[in-house]
Amino acid sequence: MSRRERLAINPLPFLLDGSGLDLSPERLHASFADIARAGYSAVHADVPPHLTPREYGELLAAHGLRPAPGYFGGFFDDPDARADAIEGARRHAAATAELGVDTLFIAQHMCDPRRAHPAIGVEASAERVAIMADGLELAAQVARAEGVTAALHPHVGSWIEVEAEVRGVLDRTRGGALAFGPDTGHLAFAGIDPVQLVGDYRDRVAAVHLKDLDTAAAARVLAQGTSYFDATRTDRIWAEPGAGGLDLTGVLDALPADFDGWYVIEVDLPKHGTPFDSAVLSRENVLALPYFAEAAR
């Protein structure tokens, strides 16, 4: 597949309502219809609880959409919960494989201290990083046995948030099964240079989330000590790719020339207009980047 064919979107903004995700059949159909109308041919895909992988794949196909890597989160910081987290990762990987997708993003769940004080690495612990790295590596190994590559997805608000933690997990698992699935927005919000980090671990990148950052809003919420919830929902720090302050071209150019993974656009809540408006703007901006425009020539 070409780079353009490997461009997908996370349907999150289409599915969120006041109480969380609405995964009803009616909402899924309407969301996928809008995503297809916005010009996409693939979506970040996690099988809803009421559907089998086959049924979900058929639902996507009915709208002309293909499944792209989804997301699995677990409590890898708790050794007593490790077995459950690894089994959850195995089941998620099996469903991913049944959908015909060979990659998934894997992450440590968010935690209360970092939801309250995001992006600054509060209550850091090198011992915890080692525990999480070992658990994530085991999860990646069971995913690999299902035919799926699990890619570490650092997330603000989790225990894998700041640069030392991201590098700590990646370095401890070097040579193992765990790949890297960076999110440009989360890295930058946590003070990490996405271009440098992606370049340093380019050979382990299996898929990438393209998210932009309103850098002025991010600086303001960090100065004010705003919670993650308010930073994302009230201050709207995330932005459509190309509508924020990040060097996305630099990130893409840092990938290997033969990179064949997925590019997943993700804007948790639209910065500009409706979810449909946001999806259209995101796609137009990304495809206008030299990295994608030159590939289409």
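Is R204 buried or exposed? R204 counts as buried, because its relative accessibility is 14%, where buried means under 20% relative accessible area, exposed over 50%, and partly exposed in between, with a 1.4 Å probe and protein chains only. The areas themselves come from the Shrake-Rupley method with a 1.4 Å probe, and for residues only the protein chains shown count as cover. The structure is a predicted model, in which local features need pLDDT of at least 70 and side-chain atom pairs count only at pLDDT 80 or more, while totals for chains, interfaces and linings use all residues. Residues are numbered from 1 along each chain as its sequence is written, and side-chain values use heavy atoms, with hydrogens and water left out.

R204 sits in the loop between α9 (194–200) and β10 (207–210). Helices (H or I, at least four residues) and strands (E, at least two) are DSSP runs, numbered from the N terminus. Between R204 and H63, which are 141 residues apart along the chain, the C-alpha separation is 32 Å.

In α3 (residues 53–62), the residues P53, Y56, L59 and L60 are buried. They line one face of the helix because, seen down the axis of α3, the buried residues fall within an arc of 125°; the arc is that of the directions from the helix axis to the C-beta atoms. R54, A61 and A62 are exposed, on the face of α3 turned away from its buried side. An α-helix has 3.6 residues a turn, so residues three or four places apart point the same way.

Helix α10 (residues 215–224) can be read in the same manner. A217, A218 and V221 are buried there. These residues are on the same side of α10 because they cover an arc of only 100° around the axis. A216 and A223 are exposed, on the other side of α10.

Next come the charged side chains. A salt bridge is a side-chain nitrogen of Lys or Arg within 4 Å of a carboxyl oxygen of Asp or Glu, and by this rule the count comes to 18 salt bridges. One of them joins D22 to R27, with 3.2 Å between the closest N and O atoms. D22 counts as partly exposed because its relative accessibility is 22%, and R27 is partly exposed with a relative accessible area of 22%.

Another salt bridge lies within a single helix. E87 and R91 are both in α4 (residues 82–99), four residues apart, about one turn of the helix, and their side chains meet at 3.5 Å, N to O. E87 is partly exposed, with a relative accessible area of 31%, and R91 is also partly exposed, at 49%.

D134 is partly exposed, with a relative accessible area of 30%, and R172 counts as partly exposed at 48% relative accessibility. Elsewhere, salt bridges that share partners join E87, R90, R91 and E146 into one network.

Helix α6 also holds V142. V142 counts as partly exposed because its relative accessibility is 24%.

Some charged residues form a surface patch instead. D102, D203, D258 and D260 make up a negative patch. Patches are made of residues with over 30% relative accessible area and no salt bridge, with like charges joined within 9 Å and nonpolar side chains (Val, Leu, Ile, Met, Phe, Trp, Tyr) within 5 Å. Lys and Arg count as positive and Asp and Glu as negative, while His and the chain ends are not counted. The place of a charge is taken as NZ of Lys, CZ of Arg, CG of Asp or CD of Glu. D260 is in the loop between α12 (248–254) and β13 (262–265), and counts as exposed because its relative accessibility is 62%.

Backbone angles remain. Most residues other than glycine have a negative phi. A119, which is not a glycine, has a positive phi of about 75°. A119 lies in the loop between α5 (112–116) and α6 and is buried, with a relative accessible area of 6%. R236 has a positive phi near 50°. R236 is found in the loop between α11 (228–233) and β12 (238–239), and counts as partly exposed at 29% relative accessibility.
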